[in-house]
Amino acid sequence: MVLVNLFLAFFRIGLFAIGGAYSFLPFIEREVVQKYNWLTKEEFLDILGIVKVFPGAISVKFATYAGYKIAGVPGVILANLGNIIGPVILIIFTSTLYLKYKNLPSINGAFNMIQLVIFAMIVAVAFQLVNLNQLAQLKNILIIVVSFIIFTYTRIHPALIIIAAGVWGAILK
């Protein structure tokens, strides 16, 4: 039954986490922490820190970790299958409709509203990722502002920004 639950949990995550990357996090947390208790909140945040270091989709890395923790290699396979089947079906269906109806104002309005909701969810997750006490320290505010500026106004790869921040954090301790 746990394999079925892994598949279904990550099927729901893949199906409803619109916007990619960090939009998955509220769904992943709801499924693996709150609903099934496969991970604690602390473990979820720890794993989030770990998976951000490695390349690839966050949802795949969480499916791999949770699947392996709960049911070994079969868990990895089923969690990841669940994770990708929903989006594949939706993209095929939506592509067909979009190509036919992409110029309708209601379609554009729907996509605009979805973008705003995704933005709000990403901001909410960002606040969950940071201990708010950290924001009271000038060096932390400085790294946030500098990272934001570098990411927004340069072509420096985000991975290099993250690595540089890690090195800087290790130096500052």
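This is a predicted model: local features need pLDDT of at least 70, side-chain atom pairs count only at pLDDT 80 or more; totals for chains, interfaces and linings use all residues.
**View 1. The largest pocket and its centre.** The space in this pocket comes to about 1800 Å³. Its lining counts 32 residues. Nearest the centre of the largest pocket lie Lys52, Val130, Ile144, Ser147 and Ile162.

**View 2. Helices around the largest pocket.** Helices H3 (41-51), H5 (105-129), H6 (138-153) and H7 (158-172) are the elements that give two or more residues to the lining. Which of the elements gives the most? H6 does, with 9 residues.

**View 3. Residue classes in the largest pocket.** The lining holds 23 nonpolar residues. Another 7 are polar, and 2 are charged.

**View 4. The second largest pocket and its centre.** About 520 Å³ of space lies here. The lining of the second largest pocket is made of 18 residues. Ile18, Leu90, Ile91, Thr94 and Phe111 are the ones nearest the centre.

**View 5. Helices around the second largest pocket.** At least two lining residues come from each of helix H1 (2-16), helix H4 (58-101) and H5. H4 provides the largest share, 8 residues. H5 also gives two or more residues to the lining of the largest pocket.

**View 6. Residue classes in the second largest pocket.** Nonpolar residues number 15 in this lining.

Definitions and conventions:
Residues are numbered from 1 along each chain as its sequence is written. Side-chain values use heavy atoms; hydrogens and water are left out. On a 1 Å grid over the protein atoms alone, a cavity is a set of points where a 1.4 Å probe fits but cannot get out, and a pocket is an open set with protein on both sides within 12 Å along at least five of seven lines; lining residues have an atom within 4 Å of a point. Grid points are joined across faces, edges and corners, and a volume is the space filled by probe spheres set on the points. Helices (H or I, at least four residues) and strands (E, at least two) are DSSP runs, numbered from the N terminus. Ala, Val, Leu, Ile, Met, Phe, Trp, Tyr, Cys and Pro count as nonpolar, Asp, Glu, Lys and Arg as charged, and the others, Gly among them, as polar.
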